[in-house]
Amino acid sequence: MGRPKEFDVDEAVDAATQAFRDRGYEATSTQDLCDATGLCRSSIYHTFGSKRELFERSLTRYTERQTGELVDLLHADTPVPERLRALFDAVITAGSDGCFTVSSVVELAGRDDELTACALRGMSSLRGELRCAIEAGQAAGEIRTGSSPDELADFVQATIAGLQVMARGGVADTAMRHAANVALAAM
């Protein structure tokens with residue numbers, strides 16, 4: 001009988017998530033994961049199976065949290081343009097941490113379809129919530145109806161991804177706020 005786990009698995013996943021966010025999937029070594037989590041290699045492999053499985057678990061956990069936080073902003077009891085402003089502000093405020101989901105899609109697209117699909121699931125979930133909010137905003141006369149809710153949801157999601165890439169690249173908040181302002185004005 002093996003020794004019982006003497007660590008919090010969720011804390012280990014969170015620590016691994018930060019390592020993957022800092023370096024990306026491919027550049028994060030098993031030693032980096034050991035350093036980040038405080039676990040030995042055998043504990044990592046015994047608990048998570050492989051670096052890939054730990055990455056998928058990290059990405060899933062991050063995406064669920066991040067999407068949940070952004071969706072909460074979309075469910076606020078304020079006019080839809082204010083909700084979208086809060087969403088853009090949250091992305092800008094996150095700063096150079098960037099978005100692990102977007103970074104993963106950029107890194108893994110065309111290299112690992114399963115992990116890319118894992119990252120895209122969270123983006124798809126957010127897009128659905130954006131569509132619902134935009135549709136409600138159009139019905140209330142708060143958002144122009146010249147474009148469909150689907151088109152505007154795609155536009156807002158592209159703006160969010162662009163802001164996240166800008167933040168990751170160290171672009172000044174002022175420039176990101178300019179982009180957010182133009183996106184809001186376009187709607």
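Modeller: A crossing is right-handed if the near helix is turned clockwise from the far one by less than a right angle, and left-handed if anticlockwise. H1 passes H2 in a right-handed crossing. The structure is a predicted model, in which local features need pLDDT of at least 70 and side-chain atom pairs count only at pLDDT 80 or more, while totals for chains, interfaces and linings use all residues. Residues are numbered from 1 along each chain as its sequence is written, and side-chain values use heavy atoms, with hydrogens and water left out.

Biologist: Why is H1 called oblique to H2?

Modeller: The axes of H1 (residues 9-23) and H2 (residues 30-37) cross at roughly 130° and come within 8 Å. Angles under 35 degrees count as roughly parallel, over 145 as roughly antiparallel, 65 to 115 as roughly perpendicular and the rest as oblique. H1 is therefore oblique to H2.

Biologist: Which residues make the contact of H1 with H2?

Modeller: On H1 they are Ala 12, Ala 15, Ala 16, Ala 19, Phe 20 and Arg 23, and on H2 they are Asp 32, Leu 33, Ala 36 and Thr 37, contact being heavy atoms within 4.5 Å. Seven of these residues are nonpolar, one is polar and two are charged.

Biologist: Why is Leu 74 called buried?

Modeller: Buried means under 20% relative accessible area, exposed means over 50%, and partly exposed lies in between. Leu 74 has a relative accessible area of 2%, so it is buried. This residue of helix H4 touches Arg 83, Leu 84, Leu 87, Leu 126, Glu 129, Leu 130 and Ala 133, leaving out residues up to four places away in sequence. The C-alpha atoms of Leu 74 and Leu 87 are separated by 7.4 Å, although the two lie 13 residues apart along the chain.

Biologist: Is Ser 103 buried, exposed or partly exposed, and what is its relative accessible area?

Modeller: Ser 103, which belongs to helix H6 (residues 100-108), has a relative accessible area of 26% and is therefore partly exposed. Of the 187 residues of the protein, 42% count as buried.

Biologist: Which residues have the most contacts inside the largest nonpolar core?

Modeller: They are Leu 84, Leu 87, Phe 88, Leu 130, Val 156 and Ile 160, within a core of 25 residues. Helices H4 (51-74), H5 (80-94), H7 (113-139), H8 (149-168) and H9 (173-186) each give two or more residues to this core. A second, separate core of 24 residues includes Ala 12, Ile 44, Phe 48 and Tyr 62.

Terms used. Axes fitted to C-alpha atoms, helices over the stretch in contact; angles between N-to-C directions. Helix = DSSP H or I, 4+ residues; strand = E, 2+ residues; numbered from the N terminus. Nonpolar A, V, L, I, M, F, W, Y, C, P; charged D, E, K, R; others polar. Core = buried A, V, L, I, M, F, W, Y, C linked by side-chain atoms within 4.5 Å. Buried < 20%, exposed > 50% of the residue type's maximum accessible area, 1.4 Å probe, protein only.
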